[in-house]
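My notes follow the order in which I looked.

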Protein chains: 2
Amino acid sequence: MSKTVEFFYDFTSPTAYLAWARLPAIAQRTGATIRYRPMFLGGVMQATGNRPPGTLPQKGAWMAADLARWAKRFNTPYKPNPHFPMMTLMVQRAAQEWIDRPDFDSYLAAIFNAAWRDQKNIADKAVLTEVLTTAGFSPEAFFAATENPANKEKLKATTDEAVARGVFGAPTFFVDGEMHFGQDRLDFVEEALMRA
Amino acid sequence: MSKTVEFFYDFTSPTAYLAWARLPAIAQRTGATIRYRPMFLGGVMQATGNRPPGTLPQKGAWMAADLARWAKRFNTPYKPNPHFPMMTLMVQRAAQEWIDRPDFDSYLAAIFNAAWRDQKNIADKAVLTEVLTTAGFSPEAFFAATENPANKEKLKATTDEAVARGVFGAPTFFVDGEMHFGQDRLDFVEEALMRA
């Protein structure tokens, strides 16, 4: 049985972006498979009563500086996004359908980079059309996927599963039933994968 | 000018305990001085609108496991305290007076270890009497210090200063005006001290 790290994420989360950028190298070093679990963070927050860190202005100010330090440490291109928080229902519903396609990694890269490298509003249809076209995806297929009831159901099911398993924010990782919260816990994730 | 790390803490915080245990080695490696800043975390929470992480049961559950992992990583004896959260006005008021004494380090160790190594209720007068006596301190001098209006004023001033400088939780560190929050940011603190 191959070892797996489950990665519960939402594109609206800058810490999920930083984690996404680092995960492939961790998976490679440990011989693990990444199982991407696109969830709707707004739903997780509502279900658990959690609030975005920036709800507290002092915490938001510290976190802005902290994120820049993490990005610098791992050499990840990162800038705050003036459109944050972004409504991610469209990009996460489409993710449910595309997750089994061979170009899912390109989709992840296109949306994460648009949000956190290029400061684009990934909730805006015109912006998404441009981003997806540039990345070689069909915007028509994308918008059809966002309206597909099966994808809406899958996103809700993943979000419900996350909450049921104890997830309260993003990014959250599971290795062998052990849960880790935050991009700043990726070393614990790597240690867990080495033990797995 | 010698380099300094300011350490804003409260004995009620298990993450402040983990930071306290690691700070001296970091100070030694970087040639820095630790400036202990005992504040009243309850006042910081109230002033900023912050809530303890455990307010969210899911976050509390993850944090319990996370704290155990950090303690294990740095070989710090640690157990959750059934009396948490503890009212720390007494121990923090006395800290204001004892901070300039040569045995302040022993005071820090006595109270932090009582709370987070030995699971004692550091808000209880009988418990404190025993802890302080064992550590070679006079309980009478301690309780007098807790009632001294000058110490009450100093604790309030330190807490107000913390809030004014952007502190929203514990532990919080300042190096050259750069603020770091959390025991999990001590590597950033050490890097800042190496640059300082």
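This is a predicted model: local features need pLDDT of at least 70, side-chain atom pairs count only at pLDDT 80 or more; totals for chains, interfaces and linings use all residues.

Entry 1: I superposed chain A on chain B. A rotation of 180 degrees does it, with 0.0 Å of shift along the axis and an RMSD of 0.0 Å. The two copies are thus related as by a two-fold rotation axis. I then asked which residue of chain A comes closest to that axis. It is A:D184, with its C-alpha at 4.0 Å.

**Entry 2: interface.** I looked up how many residues are in contact across the two chains. Chain A puts in 15 residues and chain B puts in 15. On the chain A side, the elements giving two or more residues are α3 (57-73) and β4 (178-181). α3(A) gives the most, with five residues. By type, I find seven nonpolar, five polar and three charged residues on the side of chain A that touches chain B. Do the copies meet through the same surface or through different ones? Through the same surface, because 100% of the interface residues of chain A are also interface residues in chain B.

**Entry 3: sheet.** Next I traced the strands of chain A. Four of them form an open sheet in the order β2-β1-β3-β4, with mixed pairing. The edge strands are β2 (33-38) and β4 of chain A, and each pairs on one side only. Neighbouring strands are turned by 20 degrees against each other on average, direction ignored. Helix α9 (186-195) of chain A packs on this sheet and touches β1 (4-9), β3 and β4. The direction of α9 makes about 15 degrees with that of β3(A).

Entry 4: Strand β3 (172-175) of chain A pairs with β4(A) in the antiparallel sense, over four bridges. I checked two partners in β4(A): A:T172 bridges to A:F181, and A:F173 bridges to A:H180. The two strands form a hairpin with two residues between them. In the turn, A:D176 has a positive phi of about 50 degrees.

**Entry 5: helix pair.** Last, I looked at α4 (89-98) and α8 (149-164) of chain A. They pack at an angle of about 100 degrees, with their axes 8 Å apart. α4(A) and α8(A) are therefore roughly perpendicular to each other. α4(A) makes the contact with A:Q92, A:R93, A:A94, A:Q96 and A:E97. α8(A) answers with A:N151, A:K152, A:K154 and A:L155. I sorted the residues of this contact into two nonpolar, three polar and four charged.

Technical notes: Residues are numbered from 1 along each chain as its sequence is written. Chains are lettered from A and ligands numbered from 1 in the order in which they are written. Two residues are in contact if their C-beta atoms, placed from the backbone, lie within 7 Å. Ala, Val, Leu, Ile, Met, Phe, Trp, Tyr, Cys and Pro count as nonpolar, Asp, Glu, Lys and Arg as charged, and the others, Gly among them, as polar. Two strands pair if DSSP finds at least two bridges between them. Axes are lines fitted to C-alpha atoms, for helices over the stretch in contact, and angles run from 0 to 180 degrees between N-to-C directions. Angles under 35 degrees count as roughly parallel, over 145 as roughly antiparallel, 65 to 115 as roughly perpendicular and the rest as oblique. Copies are superposed by least squares on the C-alpha atoms of residues with pLDDT of at least 70 in both.
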